[in-house]
Amino acid sequence: MTKEQTATVYSVEQVKRARIAVAAVFTVHGAVTGSFATRVPWIQDHADVSAGQLGLALAFPAIGASIAMPLAGRISHRFGARTALRGLLALWTLALILPALAPNLLTLCAVLFVYGATAGMSDVAMNALGVEVENRLDKSIMSGLHGMWSVGALIGSAAGTVAAHVGADARLHHTLAALVLTVLGLAACRNVLDLRSEPDEEPPPRFTLPPKSALIIGAVGFCAVFAEGASLDWSAVYLRDVLGGSDGVAAASTTAFALMMAVARLAGDRIVDRFGAVRTVRTGGLLATAGGLLVVFSPAPAPAMCGFGLLGLGVAVVVPLAFAAAGRSGPNASQAIAGVATITYTSGLIAPSAIGSLAEATSLVVSFGVVTVLAFGLVLGAGVLRAGDRKATGAAVGGTAAKSPTGS
């Protein structure tokens with residue numbers, strides 16, 4: 001028997017429970033991010049760092065994630081997918097405690113490196129399991145899973161907003177949040193698929209370059225995440241400084257973008273099941289391009305807000321489908337997903353600063369012209385996500401057509 005044939009076979013009900021469990025894991029993961037983001041001003045004051053120093057420190061989560069993500073496959077290989085996810089998710093939720101404890105810039109950079117490393121490894125593990133569940137269900141679920149991540153981020157940010165409003169100490173807030181989320185995360189992990197590598201299978205390397213397939217797929221993800229990061233961080237500034245909108249209207253543009261992304265991801269699976277990954281991303285690219293053009297040529301705030309909404313709608317499902325395609329692009333899902341994740345994390349890291357640098361040299365209008373060009377790149381590059389079309393994989397409930405997250 002081949003390694004694929006000896007993979008664990010799960011019943012329909014077990015796979016359905018695993019889908020709910022993975023969705024809960026995504027929600028917990030997002031809640032940590034939302035909880036942290038709302039207390040960044042408190043953390044800045046506590047560590048006594050300037051805006052520039054804070055910007056430097058906030059680069060370290062992406063650095064830590066990029067370095068540590070390749071380790072996720074090796075950990076899953078050694079301990080099994082369920083145990084690995086349980087441990088990595090717990091490390092991520094508990095890492096939420098660390099940033100608020102940092103007394104200065106050096107320690108803040110160090111703890112944010114750890115924070116990012118645990119985020120990245122748990123991210124790879126949960127996405128690999130999500131791809132496996134999707135394969136066994138033979139229906140698209142990755143967009144919905146990432147939608148649940150957005151829901152978790154909204155829940156975490158809402159709780160953080162309340163804590164900030166009442167003047168709660170972020171050390172207490174994050175400690176309580178971390179403990180609650182750790183318990184919820186461990187409970188959710190009980191029903192994820194317990195996939196294990198074959199005893200004679202070689203473990204993945206500790207560090208390796210992403211496979212070629214992941215680089216190509218990651219390029220499409222890069223375009224989407226660049227547009228996402230630019231819109232989230234600069235949409236409010238664009239409406240205020242370029243179009244003369246009020247602070248309230250400017251803030252509403254960011255909310256509109258984030259809301260459209262969350263809604264699109266939650267509804268995305270049905271669209272992908274009907275039209276396929278390639279057509280969905282190509283259409284999304286057209287919508288995002290139209291949104292970018294509307295932003296660039298808008299004479300007033302209202303049309304530009306609609307443009308940012310179209311950008312959010314257009315790029316929303318690209319990253320989930322990129323992860324799904326990576327998980328089916330080679331013999332080791334974790335390695336391929338880690339490669340794509342590294343590229344998208346890098347894109348999210350450089351987008352805000354790149355937009356700012358280009359705006360300083362030219363203008364914000366030119367910066368979003370570049371975003372529009374990258375959005376059109378989704379139209380041109382959508383074909384590389386063909387591996388994300390489930391019908392091409394031959395996967396089925398209880399079947400063994402797909403590789404496990406550990407490469408077995």
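Figure 1. Buried stands for under 20% relative accessible area, exposed for over 50%, and partly exposed for values in between (1.4 Å probe, protein chains only). The model is predicted: local features need pLDDT of at least 70, side-chain atom pairs count only at pLDDT 80 or more, and totals for chains, interfaces and linings use all residues. Residues are numbered from 1 along each chain as its sequence is written, and side-chain values use heavy atoms, with hydrogens and water left out. The side chains of E132 and R136 form a salt bridge of 2.5 Å, N to O (a side-chain nitrogen of Lys or Arg within 4 Å of a carboxyl oxygen of Asp or Glu). Both residues belong to helix α7 (residues 105-137), where they are four residues apart, about one turn of the helix. Helices are DSSP runs (H or I, at least four residues), numbered from the N terminus.

Figure 2. By the same rule, the count of salt bridges comes to three. R171 and D169 pair through their side chains at 2.7 Å, N to O. R171 is partly exposed, with a relative accessible area of 35%, and D169 is partly exposed at 27%. D241 and R240 form a salt bridge at 2.8 Å, N to O. R240 is partly exposed at 40% relative accessibility.

Figure 3. The largest pocket holds about 1900 Å³ of space. A pocket is found on a 1 Å grid over the protein atoms alone, as an open set of points where a 1.4 Å probe fits, with protein on both sides within 12 Å along at least five of seven lines; lining residues have an atom within 4 Å of a point. Grid points are joined across faces, edges and corners, and the volume is the space filled by probe spheres set on the points. The lining has 47 residues, and T33, W149, E228, L232 and D233 lie nearest the centre of the pocket. Elements that give two or more residues to this lining include α1 (12-38), α8 (142-165), α10 (212-242) and α11 (247-275). The lining divides into 27 nonpolar, 16 polar and four charged residues. Here Ala, Val, Leu, Ile, Met, Phe, Trp, Tyr, Cys and Pro count as nonpolar, Asp, Glu, Lys and Arg as charged, and the others, Gly among them, as polar.

**Figure 4. A nonpolar surface patch on α4 and α15.** I63, I67, L349 and I350 make a nonpolar patch of about 280 Å². Helices α4 (60-68) and α15 (333-361) each give two or more residues to the patch. L349 is in helix α15 and is partly exposed, with a relative accessible area of 32%. Patch residues have over 30% relative accessible area and no salt bridge, and nonpolar side chains (Val, Leu, Ile, Met, Phe, Trp, Tyr) are joined within 5 Å. Areas come from the Shrake-Rupley method with a 1.4 Å probe.

Figure 5. Most residues other than glycine have a negative phi. D48 has a positive phi near 55°. D48 sits in the loop between α2 (40-47) and α3 (51-57) and is exposed, at 66% relative accessibility. D138 also has a positive phi, of about 55°. D138 lies in the loop between α7 and α8 and is partly exposed at 33%.

Terms used:
Patch = residues over 30% accessible without salt bridge, like charges linked within 9 Å, V, L, I, M, F, W, Y side chains within 5 Å.
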